[in-house]
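Visitor: I am new to this structure and would like to be taken through it step by step. Could you show it to me, please?

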Amino acid sequence: MRSTISLNRKLKLKQRSSAICKQKLFTFREFFERIRETAKSLKAQGVKEGDHVAICMPNTPQAVMMFYACNMVGAVAALIHPLSGEKEIQDYINGSDCTFL
């Protein structure tokens, strides 16, 4: 939880805007809370420190949240371009030792 404390201090969780997507405005506090909730969900699914998690999502705030949630758990996020072909995705997953998709 040390990283959580330092992140709280760095951001000071002010109510400033952090991301905008399709007219949805996220404050730093909302963004951090969603990252923390996502990290809890990953842990509940069995993701643990050192696991490799494949993330195949478009460039959205949710993809960023997933990436940072993996970091919060201690897992390695393996980003895959969502427009990659089936064979390319399969090769990437097999070659990156991903245990979760």
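Visitor: In what order do the elements of the protein run from the N terminus on?

Guide: This is a predicted model, in which local features need pLDDT of at least 70 and side-chain atom pairs count only at pLDDT 80 or more, while totals for chains, interfaces and linings use all residues. Residues are numbered from 1 along each chain as its sequence is written, and side-chain values use heavy atoms, with hydrogens and water left out. Helices (H or I, at least four residues) and strands (E, at least two) are DSSP runs numbered from the N terminus, and the protein has four helices and four strands. From the N terminus on, the order is α-β-β-α-β-α-β-α.

Visitor: What percentage of the residues in the protein is buried?

Guide: Buried means under 20% relative accessible area, exposed over 50%, and partly exposed in between, with a 1.4 Å probe and protein chains only. Of the 101 residues in the protein, the buried share is 29%.

Visitor: In what sense do strands β3 and β4 pair, and what is the handedness of the crossover between them?

Guide: Two strands pair if DSSP finds at least two bridges between them, and β3 (residues 52-55) and β4 (residues 76-79) have four, in the parallel sense. One of the bridges joins Val53 to its partner Ala77 in β4. The chain crosses from β3 through helix α3 (residues 61-73) to β4; a crossover counts as right-handed if, with the strands pointing away from the viewer, the path from the first strand over the helix to the second runs clockwise. This β-α-β crossover is right-handed.

Visitor: Which residues does Gln62 touch, leaving aside those up to four places away in sequence?

Guide: Gln62 lies in helix α3 and is partly exposed, with a relative accessible area of 37%. With contact taken as heavy atoms within 4.5 Å, the residues that Gln62 touches are Phe26 and Met57.

Visitor: What is the geometry of the aromatic pair formed by Phe67 and Tyr68?

Guide: Rings of Phe, Tyr and Trp (its six-membered ring) pair if their centres lie within 6.5 Å, and planes under 30 degrees apart count as stacked, over 60 as edge-to-face and the rest as tilted. By this rule the count comes to one aromatic pair. Its rings belong to Phe67 and Tyr68, 5.4 Å centre to centre with 80° between the planes, and the pair is edge-to-face.

Visitor: How many residues of helix α4 are buried?

Guide: Helix α4 takes in residues 86-95 and is hardly covered. Among its ten residues, the count of buried ones is zero.
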